[in-house]
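Okay, thanks for making time, everyone.

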Amino acid sequence: MAHRETNGSKLFITVLCMVAACSAVPINDLLDRASQRSDMLHSLSTTLTKDLSNHVPPVGWTMMPRPPLCHTSSLQTPNDKEQALQLSESDLMSLARSLLQAWQDPLVDLSNSANSLLHPSQSSISNKIRELQEHSKSLGDGLDILSGKVGPAAQAISSLPYRGSNDIGEDNISKLTNFHFLLSCFRRDSHKIDSFLKVLRCRAAKVQPEMC
């Protein structure tokens, strides 16, 4: 029992030290780190989407759902940079966190499905999907800390239900098609997250809007 208490105390102290360390880091630096991570997410998802596009057969393109059917499409987000610049810091942070959280389960589906994907670079794709999960988790942890610095409203998260399953297709073509569609949705949302965080970083650094 004493041993358990000791381990629990050590863990508690470690958590406190991590929180204290993050609290001591200026918000500008935290936003820089978050922006770098979001840029990696978007770059990696863009590369993966392009790799898959070269191997989707013509029939797959006719089967592929349209972007408005992405499960995050119900979230009202800015259509361009000008609209994003009009939103408050809290709103931008809330949108970024809502989009990122909405991809927790879909990324698990992508990871599970990548193992049976009919693609010449299947192994590489599987590894990159795991990288996306790791970067997404790291970014999410960082935004949790940042949201506390931005304000209470930044901690609000919109629920965006994902009605997927562990298997995204019954045959090779539908698997590849649905995999590509889901990844395309993630690429689109990762670009939004990256854009919102860059606006926040510019504001924190007091950079002129036209320079963001």
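Let's start at C202, which lies in helix α8; helices here are DSSP runs of H or I with at least four residues, strands are runs of E with at least two, and both are numbered from the N terminus. Before I go on, this is a predicted model, so local features need pLDDT of at least 70 and side-chain atom pairs count only at pLDDT 80 or more, while totals for chains, interfaces and linings use all residues. Residues are numbered from 1 along each chain as its sequence is written, and side-chain values use heavy atoms, with hydrogens and water left out.

So, is C202 buried or exposed? It has 9% relative accessibility, so C202 counts as buried. The cut-offs: buried is under 20% relative accessible area, exposed is over 50%, and partly exposed is in between, with a 1.4 Å probe and protein chains only. C202 also sits 8.9 Å from N28, C-alpha to C-alpha, although 174 residues separate the two in sequence.

Now zoom out. The chain has 8 helices and 0 strands, so reading from the N terminus you get α-α-α-α-α-α-α-α. Of its 212 residues, 39% are buried. Take the contacts (heavy atoms within 4.5 Å) between residues at least 6 apart in sequence: 85% of them join residues at least 24 apart.

On to the packing. Helix α2, residues 27-53, packs against α8 at about 155°, with the axes 8 Å apart. For the record, axes are lines fitted to C-alpha atoms, for helices over the stretch in contact, and the angles run from 0 to 180 degrees between N-to-C directions. That makes α2 roughly antiparallel to α8; the scheme is under 35 degrees for roughly parallel, over 145 for roughly antiparallel, 65 to 115 for roughly perpendicular, and oblique for the rest. The crossing of α2 and α8 is left-handed, meaning the near helix is turned anticlockwise from the far one by less than a right angle; clockwise would be right-handed. The contact of α2 with α8 has 13 nonpolar, 12 polar and 6 charged residues. Nonpolar here is Ala, Val, Leu, Ile, Met, Phe, Trp, Tyr, Cys and Pro, charged is Asp, Glu, Lys and Arg, and the others, Gly among them, are polar.

α2 packs with α7 as well, at about 155° and with axes 9 Å apart. That makes α2 roughly antiparallel to α7, and their crossing is left-handed. By class, the contact of α2 with α7 has 17 nonpolar, 6 polar and 5 charged residues.

Helix α7, residues 122-150, also packs with α6, at about 160° and with axes 9 Å apart. α6 and α7 are therefore roughly antiparallel, and the crossing is left-handed. If you want side chains to click on, L107, V108, L110, S111 and A114 in α6 meet a set in α7 that includes I129, R130 and L132.

W103 lies in the loop between α5 and α6 and F186 in α8, so the pair ties together parts 83 residues apart in sequence. Both W103 and F186 are buried.
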